[in-house]
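Okay, thanks for having me. Let's get the picture up and then walk through it together.

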Amino acid sequence: MYRYDDLDRQMLTDRSNEFRHQAARRLSGEITEDQFKPLRLMNGLYLQLHAYMLRVAIPFGTLSTAQLRRLAWVATTYDKGYGHFTTRTNVQLHWIKLRDAPDILDALAEVGLHAIQTSGNCIRNVTADPYAGATADEVDDPRVWAEAIREWSTVHPEFSYLPRKFKIAVTAAEKDRAAIRSYDIGLHLRRTRDGELSFEVMAGGGQGRTPYLAKTIREHLPASRLLSYLDAILRVYNRAGRRDNIHKARIKILVNSLGVEEFARQVEAEWAQIEAAEVDLPDTELARIRAAFQPQVFDPQPAVSPVFEAAKAADPEFARFARRNVHPHKVPGYAILDISLKAPGETPGDASSAQMETVADLADAYSQGEVRVNYTQNLVLPHVKLADVPAVYARLKEARLATANIDLITDIIACPGLDYCTLANARAIPVAQAIAKRFADPERAEAIGELGIKISGCINACGHHHLGAIGILGVDKKGEEYYQLSLGGSAGADAELARILGPAMSGQSIPDAIETLVETYLAHRQDGERFLDTVRRTGLQPFKEAVYAVAD
Amino acid sequence: MPSLIKLDAGSDQPRALTVQDAFVFVHDEEPIPAACDIVVTLSRLSSEGDDLLASGRRVGVRLQPSEAVEDLAYDLPRLAVVQLVFAKFRDGRPYSSARVLRERLAYQGEVRAVGDVLREQAMHMVRCGFDAFEPADGSSPEQWVAAAYRYRHVYQRAADEREPIHVERAQIASGLGHNRPDEVGA
């Protein structure tokens, strides 16, 4: 994996010193809170309901074990002993004191972690396929390009005060595991017929109160021209994006008000005038980054592991774990192993310091020292020998990390909601917990099959409710928490926005309503259909009738 | 009236000085004062520019964030200063305007930041090609320069002379073998 060199580390030190200076100026009253706010936000520091929250960047979701252990240490030392992994593959510490923030940033910088640009109206932490470098279906390691973007976008002099936040995601596999069409810019790397790497560039995606899927503005961009093309998009947006209304300031509004053809034309016109050679990385630098992501050495393994097969035959629970959480690796005899942070009764995405330590130990012993964060708020061990999976499973089980529910009804995405967040209208975590409890029987969950429930505590949509097969949105109805259901959303290659089912309902009604939706699906399901497929085939009507007939 | 800070182009080290502002900004409704250097709005420059420039004084223009620097193209060689207004420090449009002025339109005159101009943005401004500043926060030239050059490295080229980190890396690699990554850290 990419390791920061001296120059990268000096950037972090300088950033940390700058923030220490700015925080001191704020504390002495030299600058106002209004002036300080964007500065602390660009260093990941939010003021929430009960305390400061620090959002630490995990570029392209890749963590070393030293980094994960340091996060565990910071959570123990400065917080309440846990961290929350987010839908942007960042980690949030929810109980931070402002006076500790500079020390925490120093401690993180020692292992190459930082909170740079995890908030604010700037280019945010770049995300990528969590299976990068491990999956057989990619044409290149997308992190090579994501790291190039990380460097280009860090402390960018021109693009640090954009109209609004700006998020970029990269995938190089046909199966989109990074939800790229929900991003301001989504980049899909492919090989052209003559073998050249080329990006499909999509722009204008985003969730929030006006959700849009990103639209293609260029089918084929030679990969080596990526940064100059991004420069052109950002310049058009920085100059033309709306600044008079925060709700209309994202690039999605610009793209859709101009029309995608006109937006693309403006980008091309700008790009034609950019001195691309000044911006695009030379091949030598791309080669340096690529070398950092070179595949590890994999010991040759038999494609079928007798140990793994025997464990499956002996233990049905392990067999379920193998079905749900273990995925094919590009190297025979290896597996990609998902670690669910969705144990029944737990907060989706939360991991205790002890759990982080366990995962770090397992990664060192069995996964070449690498851990990934998935936007689904789960962790990944990307390079596990099939023969080692039973041993990994046993340790995960002890740490309550062996929940076999990846992509099932209990693998719920939820934002922190009104339990933490100042923006929220309603709580998200207790709703997720109530649903998970209702469907806690793993056999039943597996019989229901793939079903993504996504919960946001407000219209900002951090819980991706627009992209849920079942989306749940918390709304405020005369001071009470209500929840609006929507159906049919997807974040993958078949991305689609969910449609609202009907009037909002109370939190207590939600588990019953989900139950009704599931029963309706099972009654209508045809061979091999996922919940999403059935909804798409039948439309909302049968589901609507079932849910609101019961409610009446 | 904020003081005017200018980067000292003649110095080897980054340096800035407080200078006397020779220019008077003339609002659209005000008459043009006699015999002094002036800065006018874009609309006044469009309507009266030729007369003003013919009067033997130095003339500059003040652009609002929504006004495009490209509209100045033909007048640029004759303009002594382009003032770019930061209506709010959060409004980042003038950074793009400054870069286009310097890098695309090759403007050599003074590019001055006016309005809500704060020290925290000094580096961004300098890197985008501003060389004169009217800080709204009372920053001294020393404080301004310290903030503008706090980072030892930069990751990208802009309108200043600084080379990005990958160029430094290549130099280190060619001169000193290679820059070994830290195996302990990450």
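I'll go through the domains, then the chain contact, then a sheet and a helix.

Quick housekeeping: this is a predicted model, where local features need pLDDT of at least 70 and side-chain atom pairs count only at pLDDT 80 or more, while totals for chains, interfaces and linings use all residues. Residues are numbered from 1 along each chain as its sequence is written, and chains are lettered from A and ligands numbered from 1 in the order in which they are written.

Chain A splits into domain 1 (6–109), domain 2 (134–291), domain 3 (306–398) and domain 4 (413–551); those bounds come from an automatic or database domain assignment. Domains 2 and 3 of chain A have their C-alpha centres 32 Å apart. Five residues of domain 2 of chain A and seven of domain 3 of chain A make the contact, and by contact I mean C-beta atoms, placed from the backbone, within 7 Å.

Now, how many residues of chain A are in contact with chain B? It's 42, against 33 residues of chain B. On the chain A side, α1(A) gives the most, with eight residues. By class, that side has 14 nonpolar, twelve polar and 16 charged residues. Here Ala, Val, Leu, Ile, Met, Phe, Trp, Tyr, Cys and Pro are nonpolar, Asp, Glu, Lys and Arg are charged, and the others, Gly among them, are polar.

Over to chain B. There's an open sheet of eight strands with mixed pairing, in the order β2-β1-β8-β7-β6-β5-β4-β3. Helices (H or I, at least four residues) and strands (E, at least two) are DSSP runs, numbered from the N terminus, and two strands pair if DSSP finds at least two bridges between them. Strands β2 (16–19) and β3 (23–25) of chain B sit at the edges with a single partner strand each, so one side of each has no neighbour in the sheet. Further in, β5 (59–63) and β6 (81–86) of chain B pair in the parallel sense over four bridges, and B:G60 has B:V81 as its bridge partner in β6(B).

Last stop, α18 of chain A, residues 531–538. Which residues of α18(A) are buried? They're A:F531, A:L532, A:T534 and A:V535, buried meaning 20 or more other C-beta atoms, placed from the backbone, within 10 Å of the residue's own. Down the axis of α18(A), the buried residues fall within an arc of 165°, so they line one face of the helix; the arc is taken over directions from the helix axis to the C-beta atoms.

Conventions. Contact = placed C-beta atoms within 7 Å. Buried ≥ 20, exposed ≤ 12 C-beta atoms within 10 Å, placed from the backbone.
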